[in-house]
Amino acid sequence: MPGGAALAYGRGAPREKADVMMRARLCSLLLFLTPVAADAVPPPTPADLAGCEGSAFVVDKLVCADPALKAADARVRVPSADQARLLDAASDYVERQDAWFQRRNRCAFADDQPACLRDAYAERSAVLTALAHDAAQDRAGQCGKMAVRIGTLEGETIIRDDSRLVAVGLPKARSSWRNFVTAEPRGKALRLHRLDGAHIDCR
């Protein structure tokens with residue numbers, strides 16, 4: 001028996017050695033393929049994508065080559081903490097920042113790229129300004145079943161309730177850009193059209 005056991009061990013040794021070597025090679029390969037934490041790059045954010053330093057994006061190049069667009073980008077690209085909080089609390093008639101940013105990027109495919117970008121930034125500037133609008137002097141009204149206050153500022157219609165921004169309605173853009181909410185006067189009333197086809201009547 002001892003001799004048999006030794007013989008069996010002797011025959012299996014080369015196979016075991018080969019298995020050990022294979023595992024060592026696999027470990028080396030995994031270590032080679034696994035990125036080191038210091039080299040890890042986080043996914044891009046809107047702030048990174050809109051930057052002028054070395055960006056390869058067509059829209060960024062257009063923005064950075066135009067002083068007026070570059071200044072507009074700096075004003076609205078990254079909302080402040082207060083603005084971000086108010087955007088989160090706003091109704092679904094107020095476009096979220098990341099959704100607006102993605103639509104802004106599509107101006108790269110427009111025939112009227114500069115005009116599209118100008119209108120995109122004008123709309124976002126209007127929305128961010130409306131977040132801080134004081135509705136105390138605005139008229140009382142109603143949108144659907146919501147009690148609201150309706151005001152105007154530089155051509156846009158600002159609608160708020162007691163605690164949040166409900167909508168910012170703008171005229172139709174003259175370029176290929178489409179505002180998230182357009183305001184259509186209807187006598188003494190107002191219809192707000194959302195980009196996805198939804199609408200609400202205010203009076």
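Analyst: Arg 160 belongs to strand 3, which spans residues 156-160, and the model in which it is placed is a predicted one. Arg 160 is buried and yet forms no salt bridge; the nearest side chain of opposite charge is that of Asp 161, at 6.4 Å, whereas a salt bridge would require a side-chain nitrogen and a carboxyl oxygen within 4 Å. What the side chain of Arg 160 does have is a polar atom lying 3.3 Å from the backbone oxygen of Leu 131. Once residues up to four places away in sequence are set aside, Arg 160 touches Ala 130, Leu 131, His 133, Ala 135, Val 148, Arg 149, Leu 165 and Val 166.

One of these partners, Leu 165, leads on to the packing of the chain. Leaving aside neighbours within four places in sequence, Leu 165 is in contact with Arg 160 as well as with Ala 90, Ser 91, Val 94, Val 127, Ala 130, Leu 131, Ile 158 and Ile 159. Leu 165 is also a member of the largest nonpolar core, which has 27 residues, and there Leu 165, Trp 100, Leu 117, Tyr 121 and Val 168 touch the most other members. At least two residues of this core come from each of helix 3 (58-65), helix 4 (67-76), helix 6 (97-105), helix 7 (113-130) and strand 4 (165-169), with helix 7 giving the most, namely 8 residues. Apart from this core lies another, of 13 residues, which includes Tyr 93, Val 148, Ala 167 and Phe 180; Val 148 is also among the residues that Arg 160 touches.

For the chain as a whole, the secondary structure amounts to 7 helices and 7 strands, running from the N terminus as α-α-α-α-α-α-α-β-β-β-β-β-β-β. Of its 203 residues, 33% count as buried, and among contacts between residues at least 6 apart in sequence, 51% join residues at least 24 apart.

How values were computed: Residues numbered from 1 in each chain as written. Predicted model: local features only at pLDDT ≥ 70, side-chain atom pairs only at ≥ 80, totals over all residues. Heavy atoms only, no water. Helix = DSSP H or I, 4+ residues; strand = E, 2+ residues; numbered from the N terminus. Buried < 20%, exposed > 50% of the residue type's maximum accessible area, 1.4 Å probe, protein only. Lys, Arg positive; Asp, Glu negative; His and termini not counted. Polar contact = N/O pair within 3.5 Å; in protein donor to acceptor, adjacent residues only side chain to side chain. Contact = heavy atoms within 4.5 Å. Core = buried A, V, L, I, M, F, W, Y, C linked by side-chain atoms within 4.5 Å.
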